[in-house]
Amino acid sequence: MITGSIDGEIMVRRCLVTFKPFRIFVVGVGFFSLCFLMTSLGGQFSAKRLGDSPFTIRTEVLGGVESRGVLRKISDMLEVILKRMDSLSKLDNSSSTDARRLDELSSAISRFQPAGLVERIQAIAQNVSNMAVRVEQILQNSMVQTRVVRDGTSTSQCEIPRDNRFPECPGKVDWMRARWTSDPCYAFYGVDGSDCSFLIYLSEVEWFCPPLPWRNHSSPPTQHTQQMKSPRRQAAFRTDLSMLLDQIGGGKESLSFMKRRIRRLTQQWATAASRLEAKLGQRWRDQKKILIHVGFLTEESGDVFSPKVLKGGPLGEMVQWADILTALHVLGHNLKISMSVKDLQGFLGVPPGRGSCPLTGPLPFDLIYTDYHGLQQMKQHMGLSLKKHKCHIRVIDTFGTEPAYNHEEYATLHGYRTNWGYWNLNSRQYMTMFPHTPDNSFMGFVSEELNDTEKRSIQQNKVNNMAVVYGKEASMWKLQGKESFLEILHRYMEVHGTVYYETQRPPEVPAYVKNHGLLPQHELQQLLRKAKLFIGFGFPYEGPAPLEAVANGCIFLQPKFQPPHSSLNHEFFRGKPTSREVYSQHPYAEQYIGRPHVMTVDFNNSLEFESAIKEIMRIKVQPHLPYEYTCEGMLERVHAYVQNQDFCAPDPPFIPANVSRTGSARGSRTVGPLFMPLQNSSALVWASSVRAPAAWPPLSSLRLLVSQEGQSCVDACRLTGFICEPAHFRFINNKEALHGLEVQCEVLDSEINHILPAFSVMRRECGLQREPLLFSCAGHSPKYRRLCPCRDFQRGQVALCRDCL
């Protein structure tokens, strides 16, 4: 279909620009015939983004599905032809045989006519495919002749090897023959379309083929290059944040928000650093080279957050990232900060192209902090290298990722596959905003800490009948049935809101609500210092605002969810890689803070709601902030993770028979239990007579419990005052643990299932875990009781055991 003379003229000009370096070939390949083909297809082939490759042809198709498929095929074929021309132009074209073949190619192209729709286009596609094969034959012959003359290599030196140690080599060579032009990175590594270049690449850049005997092998293949160990440097605490602020850059309101937050908390970070330094004493701390790639703020991810910063949009992620950046900087690590894919490519040293080729040399970082968007971008641009280096990655993940969703094959086979998850990481590499998923690591954020003078001032100036509603966007006020409990609230209290609006008051906000509009952080803080109550409507889930309100002396009132919200019954959680059930708007506030600072009631029960309002007006509370959400608490936690978590060194298999016992002679073995009862508890602990293997958290923190049927280890540990510790699973996944718990097993199997290790009381069947990535605190089954590796934790710092520092 011809779209018009103007489009055709533009296409011809594009062809002229595209083929300018190849004037020597104009006659040989039927230049205007090829341009006419492109133009006659409605200008649907566009030489856009020539920066990717000199002859990348993109497809812009407005037709049906079948037409698009055919046109994409033609686009691929044309790209192959143009790539071949690129190579052919560099050869000596004086050969009469080659000239005759090129004339035949020109004649073939000239026979193309601008016809029909799908049937005619399919015929064209087949002709283009035939042309590609013929160009390939011409190119291969000319390449071989030229190579023999140039460097003396012969075809026998580049025969495809049949080596049992490299079974994939022949198939990879075939793939390269067909697709080496699909990514410019291959040409970057010297691939030119010849078998010799394929074998060199597949043996020296990738690892699929054996090294070629006639090549210089002074340096090992790229993928087998070991991570070079640079000299250890000691980290020193920093209190000057100016360098960090410069690294973050600007140009976006999201970055401006983060920098304002960092500046406002500068003094608190400095005080926290001084306290932690005194606590750690002269202990050595390794300085790490760390890349921080904030994927959700990149233009390539769509960055829907930045435009909404000043319009009531979510700020929780930006709060957390600002605090992560500051914590790592204050701890003294060497940071590189990436806010774009271009920055990411530059810092990682990826070859130019589309990510099909691996990185050259070792990874230049000890750790990489990113999010799910950044992880996807890294996969796109790191190619094969991501699998090799993924142990260095830490994924900031607000709502958590459970092991059943993380294991790609298991998730696919058992219905846990979602748009997220499935990365086959160690589950502790995911780092959450709140400690709701013990399978993951709890990263957190900080809230501003008040001094004694500020606390006294708040107590003196509290307005007993003043309430502030948690909800900056008008959509949050659309809750069905809110009128009934808001009327009760209004009967007792003056109701304030901070809902964003541009010109007119949002109609969703009742007339009796005093709406202040969207407030800057310091003004919002002043409002919270006056108010007695901070009330949530049920959304947003698990944000930082309730902690800030409680820290400023408010009581947080939130709705109880009956039934609990989850991916099974609530749209917000659908597709997230977790089966967690949420029983209130802010489970952390309910479980870890609780009354009198946090009250969770049924908003649909008018009597219960009214009773809560009366109680709130009657009682007095002090400003309260959990230690783990102070600057010092976060520094302590992040320090422990950076210095102790190592997912690159594989855990050695734990073999109970090899564990030495105290008092045993060297080379001898004293028989005795691995576990012993904990005094005044149903839990078992590591036996004092057994030398504990090196581990972090240390095995002194282990508390071995059995869950009830249908109960997860998360709940079993929490109800006994502990927390589930996934790092300890490998030490209880054995017969000794079952024996210590007096479990009767008539059948003992090793399987792949995220509820294992576990046992059935009725059947007397016991199962051990065969896949370490599926060790799961969250898993549960109505038919099985689980073996649960709980641990103790520090008061106010649930992420760390008592001996973890």
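Guide: Two strands pair if DSSP finds at least two bridges between them; helices (H or I, at least four residues) and strands (E, at least two) are DSSP runs, numbered from the N terminus. This is a predicted model, in which local features need pLDDT of at least 70, side-chain atom pairs count only at pLDDT 80 or more, and totals for chains, interfaces and linings use all residues. Residues are numbered from 1 along each chain as its sequence is written, and side-chain values use heavy atoms, with hydrogens and water left out.

Visitor: How many bridges join strand β5 to strand β6?

Guide: Strands of a sheet pair through backbone hydrogen bonds, either parallel or antiparallel. Here β5 (residues 367-370) and β6 (residues 393-396) run parallel and are joined by three bridges. Tyr369 has Arg394 of β6 as its bridge partner.

Visitor: In what order do the strands of the open sheet lie?

Guide: The six strands follow the order β4-β3-β5-β6-β7-β8, with parallel pairing. At the edges are β4 (334-338) and β8 (441-442), each of which pairs on one side only.

Visitor: How is the packing of two helices described?

Guide: Two packed helices are described by the angle between their axes and the distance between the axes. Axes are lines fitted to C-alpha atoms, for helices over the stretch in contact, and angles run from 0 to 180 degrees between N-to-C directions. Helix α13 (residues 316-330) packs on helix α25 (residues 631-644) at about 70 degrees, with the axes 10 Å apart. The two are therefore roughly perpendicular (angles under 35 degrees count as roughly parallel, over 145 as roughly antiparallel, 65 to 115 as roughly perpendicular and the rest as oblique).

Visitor: Which residues of α13 and α25 meet?

Guide: Contact means heavy atoms within 4.5 Å. Asp323, Ile324, Ala327, Leu328 and Val330 of α13 meet Met634, Leu635, Val638 and Val642 of α25.

Visitor: At what angle do the axes of α12 and α25 cross?

Guide: The axes of α12 (residues 266-280) and α25 cross at roughly 50 degrees and come within 8 Å. That angle makes α12 oblique to α25. On the α12 side, the contact includes Trp269, Arg275 and Leu276, and on the α25 side it includes Met634, Leu635 and His639.

Visitor: What does the secondary structure of the whole chain come to?

Guide: The protein chain has 28 helices and 23 strands. Of its 805 residues, 54% count as buried (under 20% relative accessible area, with exposed over 50% and partly exposed in between, using a 1.4 Å probe and protein chains only).
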